[in-house]
Structures are given as structure tokens and as C-alpha cells.
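Below are my notes on the model, in numbered points. Please read them alongside the coordinates.

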Amino acid sequence: MAKKNAANVAGIKTKTTWKQAFKRDWQLYLLLLFPLIMVIVFSYGAYPGLRMAFMDYKPAKGYAGSEWVGMKTFIKIFKDADFMRALRNSVVFNLADLLVGFPMPIILALILNELRYPRFKKVSQTILYLPHFLSWAIIGSVAMTMFRPNSGLVNILLTNMGVISEGIPFLNEKWHWAITYLLIGVWQTMGWGTILYLAAITGINGELYEAAMIDGANRWKRMWHITLPGIKSTVVTLLILNLGRVMGSNLERLTALENSQVKDFQYQLAVYIYNKGIGAGKFSAATAVGLFQSLIGLILVLLSDKFAKKLGEDGLL
């Protein structure tokens, strides 16, 4: 004990044991226990069910009675014209979402960081965060009402202003629907996406800005040469994570904005899995598609992480 006290007095760091850490921070470990259990049950607990992708699964027979078919389910899926259409739409729209939506939280965070009136900044952040907490059912119903070709508020305003002579079918024609679909997604996510970037910006040393101001750098130069390089690692990490979602799709978003006139573009992998799995009772096919999505997403994350490291970034892993 005397040696430990002498080491502490001398400023030498002694190793903290697991028991000491638990005794000191037991409240934090207790708070962490519940989310860990949730992740284990709902994420890792579902892994044994993936064997369904390699079986001709029948709910009445269960896993023990269902026939093992190996890769036949995957081969059948890859020959399905509906799957190829859903795959094409998912990749195209997710890449477009990434191209349009990924830069917006960065731009918005840079703008919010430059606001100098604290109360206005807080109110703006709150307003921008709110769409994230709205369900797609609410967003879809409001969008369908506002963007009606003849009686929608947006078309009425544009007509009264003389911008258009007849209503624009924002959600009733597939090409207009595609643009509206992307922009609504950007509006719904961009405010919430600024949180991580604003947190990264607060970690930048303020002395860098002071030195730049002394050298005569204006706001734009400080933003370009200090703020953006300061959050580059955060941008790269989030970009890698977003690339892993290129194969995914949001069923709630797709069903909230669907109608019979835009089926060509609205039919994506999430809709395909829902129709095949729950609608048609083909649980093996739906599981196989979900597994395929996950594997491709994992490969994309690993490749993009490796590419980022080759460019000199820290990467994700």
C-alpha cells in the first residue's frame, strides 16, 4: 500500500483493475446493460434464422422438418425479373440519395456554425431536427396533400405566381416522383445529420481561427482551410457507413409515397422482401435477399475503408 501511495504521489499511473473500474462506475455499466441486451436479442439473436435462406422453409414444419436446398433459393432469386428490377432501383436511388443527401448535413452544419446569434441558432437547430422525429406515414400524407397536381398547395401557389400554367405531377409521374422522393428524403434527414458534424466542429482548436483572423482570412477561407479539414475524419467515417447502405431501402418511406403510377421506380428491395416474405409467404426467398443485402453492404464498407486508408485517412476499422 505504501508503494502504491508513493507511486501516486510521484505522478506515476498505476493500472486500474476491472473490479476497481466496476466499483467506481457501476452506475454507467448498469445503464449500458439494457441497450446491450436489446442489441444481443434483436440483432445477434436473429442470426440462427438466417439458415432459412438455405432451406425450403415451411412454418408448419419448422427448421427440423423443412428441406435443406443449399444455394437453390439464391439461384432462383437471381433469375427473377422482379428481383433484378428491385435491385436496379435500389442501387440507383440509394446512390442518388448519397449524392444529393450526404453533402447537405455538412453544408448545413457549416452554416449553423457561422451563426453568431445564439438564440436564433438554437431555434433553427430545433426546427431542422423536428422532421427526423416525424413518421413517414405523416410525411407521406402531408406530401400527398401538398403536391396534388390540381388542388395541392404547392401547385396552387406556383400557378397564382405565374410560374406554371398547369399543375406539376410531383408524386403522380415517375420522373417527377423520383426527384420529389429524393428531396423529401433530404429534408427529413439533413437536420438530424448535422449533429455529428457540429460536435466535430466544436473539437477544433479555437486558436486556429484566431490565428487565421489575424492573418486576414475571411469567414469563407476559415471555413475552407480550418473547419472542413478539421471534420474530414468524421466525413470519411460517415461516408463509409453510408456506402454500406447502398443496397438497403426504407420500406416506410417507399410505402408512404407510393401510388400505382410510379411502381416502376417505387419497387425496390424492401418492397420486394415484404411482398415475397409476408405477402406471398416465401420466407426463404425474403431471408436470402436480406442476407444478400447485408453481405454486399459489408463488402462495400470493407472496400471503402481500405480505400480511405490508402488515401491516408484513419478509416473506420
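1. Helices here are DSSP runs (H or I, at least four residues), numbered from the N terminus. On that numbering, helix 2 (18-24) and helix 3 (26-42) each supply at least two residues of a nonpolar patch. The model is predicted, so local features need pLDDT of at least 70 and side-chain atom pairs count only at pLDDT 80 or more, while totals for chains, interfaces and linings use all residues. Residues are numbered from 1 along each chain as its sequence is written, and side-chain values use heavy atoms, with hydrogens and water left out.

2. Tryptophan 18 lies in helix 2. Its relative accessibility is 61%, so tryptophan 18 counts as exposed (over 50% relative accessible area; buried is under 20%, partly exposed in between; 1.4 Å probe, protein chains only).

3. Lysine 276 sits in helix 17 (residues 269-279). Its relative accessible area is 15%, so lysine 276 is buried. Contact means heavy atoms within 4.5 Å. Apart from neighbours within four places in sequence, lysine 276 is in contact with Asp80, Gly281 and Lys282.

4. A nonpolar core is a set of buried Ala, Val, Leu, Ile, Met, Phe, Trp, Tyr and Cys residues joined through side-chain atoms within 4.5 Å. The largest has 35 residues, of which Phe83, Trp177 and Leu257 touch the most other members. Elements giving two or more residues to this core include helix 6 (81-101), helix 11 (174-202) and helix 18 (283-310). A second, separate core has 23 residues, among them Met190, Ala212, Val235 and Leu238.

5. Leucine 257, leaving aside neighbours within four places in sequence, is in contact with residues including Trp136, Leu171, Trp177 and Val262.
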